[in-house]
Amino acid sequence: MASNTEGGRSFSRRDQLLRIQSEVQKRWEEHKVFDANPGNKPPEPGEKFFGNFPYPYMNGLLHLGHAFTVSKLEFAAAYHRLRGCNVLLPFAFHCTGMPIKASADKLAREVRQFGNPPVFPSTEEDSTIEAVEESKPEDGSVVAPDKFKSKRSKAVAKSGGNKSQWEIMRSFGLSDSDIAKFQDPYHWLTYFPPLAKEDLKAFGLGCDWRRSFITTDMNPFYDSFVRWQMRKLKGMGKIVKDMRYTIYSPLDGQPCADHDRASGEGVQPQEYALIKMEIIPPFPPQLKVLEGRKVYLAAATLRPETMYGQTNCWVLPDGKYGAYEINETDVFIVTQRAALNLAYQKLSRVPEKPTCLLELTGHDLIGLSLKSPLAFNETIYSLPMLTILTDKGTGIVTSVPSDSPDDYMALQDLKSKPALRSKFGVKDEWVMPFQVIPIINIPEFGDVSAEKVCTDLKIKSQNDKDKLAEAKRLTYLKGFTDGTMLVGEFKGKKVQEAKPLIRNELLETGQAVMYSEPEKKVMSRSGDECVVALTDQWYITYGETEWKEKAEDCLASMMLYSEETRHGFEHTLSWLNQWACSRSFGLGTHIPWDEQFLVESLSDSTLYMAYYTVAHLLQNGDMYGSDTSSVKPEQMTDEVWDYVFGVGPVPKTDIPASLLNKMKEEFEFWYPFDLRVSGKDLIQNHLTFCMYNHTALLPKEQWPRGFRCNGHLMLNSEKMSKSTGNFRTLRQAIEEFSSDATRFSLADAGDGMDDANFVFETANSAILRLTKEIAWMEEVLVADSCLRAGPLTTYADRVFANEINIAIKSAGQHYNDFMFRDALKVGFYDLQAARDEYRFSCGAGGMNRDLLWRFMDVQTRLITPICPHYAEHVWKNILKRDGFVVNAGWPMADAPDLILRRANKYLQDSIALMRKLLQKQVSGPKKAKKGAPATPAEENKLTVGLIYVSEQYDGWKEECLRILRTKFDSAKGSFAPDQEILEALRGSAVGKDANFKNILKLCMPFLKFKKDEVRLVGLQALDLKLPFGEIEVLQENSDLIKRQLGLELVEVLSASDDAACSKAGPHISLLTQNPPSPGNPVAVFLSKSEFSTGCSQNGA
């Protein structure tokens, strides 16, 4: 067969893995290897493993980011299956929510506007494309003023985040005729889930596909399950209708939860008190049209307790403002953005549509005389401030220079700079008479904290942003926690006590109103900027005290594999409050008691892991739950669901008792689930909701046992991004690298909460490694009769057998701890390195046949969770084993001999050191002179190695080690101070030696060397001798040493034997200058003639 080539590069090795993968997957499917069935009795601990993954959203193809998180579950499940566990790994597909509907609607708009297929403008045109009217939701929700107005060219439509939906669909490889079908949102549900299933099968996911399903009412069984769940929660008082602030999409006309957002996930509403600063008549000419109304500059504040100290208010001179009609009498002057938020909070004469009576700039507002709530100054003026941000608050800012460093410096700038006042037309009487008013005492900062901190930090002007930020950091929190009110009705009270009281008083007396806006910018998936709306809708009462305590109990008992993960859950539980669970737009299950609403996408996905246990019995293997089942959806009443999930008695039903009991048995066998794997971004919503719902609806013994969270995936050390092209779908990765090489690189990418890195070179290297390993094993089969038979007799045999045992134990521990990169290292890389070392160490005696077959068996099993197709091929076609390796059992191992491993490391390190000593001795003390012969004469060639060993420390070194042991604190992992060690040395037998001063010069560097060595290898560095015989190890491996160093003769000698030392002849200085010590032998190399001379002299 010809090699598949592309651009001169051969892909034959990759194609070999693809062929193997196809053959193996066919066998798995034929034998239903991954179908999971419960046992006949409840499982003992460790006998079953139920792991799951948050079902992916079906508005596109699965990508490598999905595969990375799925791989954590897949590797864990495969490990447990391999060790004999009954494993359930199901997979489903999420279609609930608004993204699919929004994309379908966007396609429909493009077809209406540009034709089918759309012909987008090819050049920028002077006229804008008007589509505002078309894009208005039917319920009349306002659309952002510039929404769907563009001068976008076709080229622009193809680039970046501004792609048309049609171009996005083309990027999936769809034809124009196929794309048109996606105007129907339900077409997405029939197209993408089967593709995702295909890709996951190609990936080798060990999934029980009988249990797959899609969400939404398109699947009547899942729809029934979610309705039961919602009714159950409402019956327990955990779903209530309430008027609350929520992030809201004006374009979609409904709340915008985390999964409905293109950006701003996790952002919450920020509540302010909106201070009503009334403009005192007569109005200036620019405001004349507003006469007869009560007109207010409305300033958002988080610090209502400081209002007593107002000296002025601030506006941004070049800022754009408007006078917005709030009701029949009141007008607020704010930014357009703030007005839009107010309109959705019942603070607009026309609900959800801000009415602007007059457009203004900040210049128009400078110099207005104002009456402000609580201010001791009866009249204050609006003044210019250059640092106001109009994307936060209302663009109007109260000024309290006693406690705000920004206000203090801006006021000082105006007072001290006549030119600045002149530039903005500010009259002296608006500024100069106003002094700082002490209102709060803060320990360390006194009664006027802003003035003191600005002086301390030497802040020069309002433009010194970094220093002002530091000034606020130093004073704001301390003012709240430690400050005391000096004025007002609550004089003498702590600020943290007074703040809510003052705020309530302002609201109750009508001097302020509540105002809320997103903490940060939030963009919906429909493309509009979200506001905060005051909505009357259904909420789940997360955060309720007793329920929260149950969730905390659940968390405390769970395995989370990372302290960072635990802290993330603890933080989320500390702030999570009522969650809006209803939507009016999108796909999903209707709220059972209020059919105008749908259950939102983060609320129908909190308990569905329980549905997996019975899905195959209800749906008969059809993910859509169509009419192939013997059970009808209407038969799944609340009473039936209660019974199946163990929270209700036997129901009255016409479902056969055998089937009903089978469902209950399935649930009780598999539940609770053992592991849910997820990206860390779901801690703040989905995973915490999962805990809450389980604790509410199921008994404690069915609560989740474990979550494992991971970071995001980078490709080749860069962020994965479609717009930059640094992106791969799962399908593309499999086609490019094969499934096993993709899985190999995913395992190598990383296991912690930090972002991992999928490296293409690692995947390509895996292709080479796996195929070369297959070729090597085939060579072993051919040479089988030439291998050494019989028991393990050599040192190399024992070392290699020991390395196999170590790999089995270590890889098992790493798999169990979900540290897959480490499992790959010890079970594949390290084991192959041990095999290569064994091949070299065996020499003429050859490798042991049984040991090589054990290696091939063990390595195949250890790599199975990560590269199962490769492993199955080896298992069946090379090792000729029956059955499937995926459930062949974890290999047995003897207890690892760590002393033998240490002895082998000593051997290998010693050979490396000897090689350096030989090279040094051959090259001599100086470089050869020009013209000198490059190589020594044959008779002078160094072919004899004398290896000198000192197996035990004695004398002053022994005493030093004894003292260091007594002066080491194991609990702290540190030594006593040097002075204390020195005093102990002086008090020892060495200290009494007449030559102590000279000995001390030797002791000090030795003590330092040994202390440093302890930090590297532990207390074993202080042993007087190694736990094995050095001479014995070196003598047993003398043939290996000869081969490695190219010597003809090797002798291992004791450095304490004078006669042995004399054999070094003229090279004795090498021994005396660098004497051996335990673990550090010294080799001296001689020519044959030198060795013969030395031997004859010793013999004389």
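This is a predicted model: local features need pLDDT of at least 70, side-chain atom pairs count only at pLDDT 80 or more; totals for chains, interfaces and linings use all residues.
Glu271 stands opposite Ser516 in β19.

**Strands**

The contact between β8 (residues 269-279) and β19 is antiparallel and runs over seven bridges. Strand β19 spans residues 512-518 and is mostly covered, with six of its seven residues buried.

The partner of β22 is β21 (residues 531-540), to which β22 is joined by two bridges in the antiparallel sense. Within this pair, Tyr539 has Ala580 of β22 as its bridge partner.

**Negative patch**

Which residues gather in the patch of negative charge on the surface? They are Glu546, Glu549, Glu552, Asp553, Glu563 and Glu570. Two helices, α17 (545-556) and α18 (563-575), each supply at least two residues of this patch. The largest share is that of α17, with four residues. Glu546 is in helix α17 and has a relative accessible area of 59%; because exposed means over 50%, Glu546 counts as exposed.

**Helix α21**

Another glutamate, Glu668, is part of helix α21 (residues 657-670). Is Glu668 exposed or partly exposed? Its relative accessibility is 42%, so Glu668 is classed as partly exposed. Between Glu668 and Ala756 there are 88 residues in sequence and 36 Å in space, taken from C-alpha to C-alpha.

**Backbone features**

| Site | Feature | Value |
|---|---|---|
| Pro281 and Pro282 | cis peptide bond | omega about 0° |
| Tyr671 to Pro672 | cis peptide bond | omega near 5° |
| Lys32 | positive phi, not a glycine | phi about 50° |
| Asn620 | positive phi, not a glycine | phi about 55° |

Where do these residues lie? Pro282 is in the loop between β8 and β9 (294-301). Pro672 is in the loop that lies between α21 and β25 (675-679). Lys32 sits in the loop between α1 (12-31) and β3 (48-52), and its relative accessible area of 55% makes Lys32 exposed. Asn620 occupies the loop between α19 (609-619) and α20 (638-644); with a relative accessible area of 53%, Asn620 is exposed.

Notes: Residues are numbered from 1 along each chain as its sequence is written. Side-chain values use heavy atoms; hydrogens and water are left out. Patches are made of residues with over 30% relative accessible area and no salt bridge: like charges are joined within 9 Å, nonpolar side chains (Val, Leu, Ile, Met, Phe, Trp, Tyr) within 5 Å. Accessible areas come from the Shrake-Rupley method with a 1.4 Å probe; for residues, only the protein chains shown count as cover. A salt bridge is a side-chain nitrogen of Lys or Arg within 4 Å of a carboxyl oxygen of Asp or Glu. Lys and Arg count as positive and Asp and Glu as negative; His and the chain ends are not counted. The place of a charge is taken as NZ of Lys, CZ of Arg, CG of Asp or CD of Glu. Buried means under 20% relative accessible area, exposed over 50%, partly exposed in between (1.4 Å probe, protein chains only). Two strands pair if DSSP finds at least two bridges between them.
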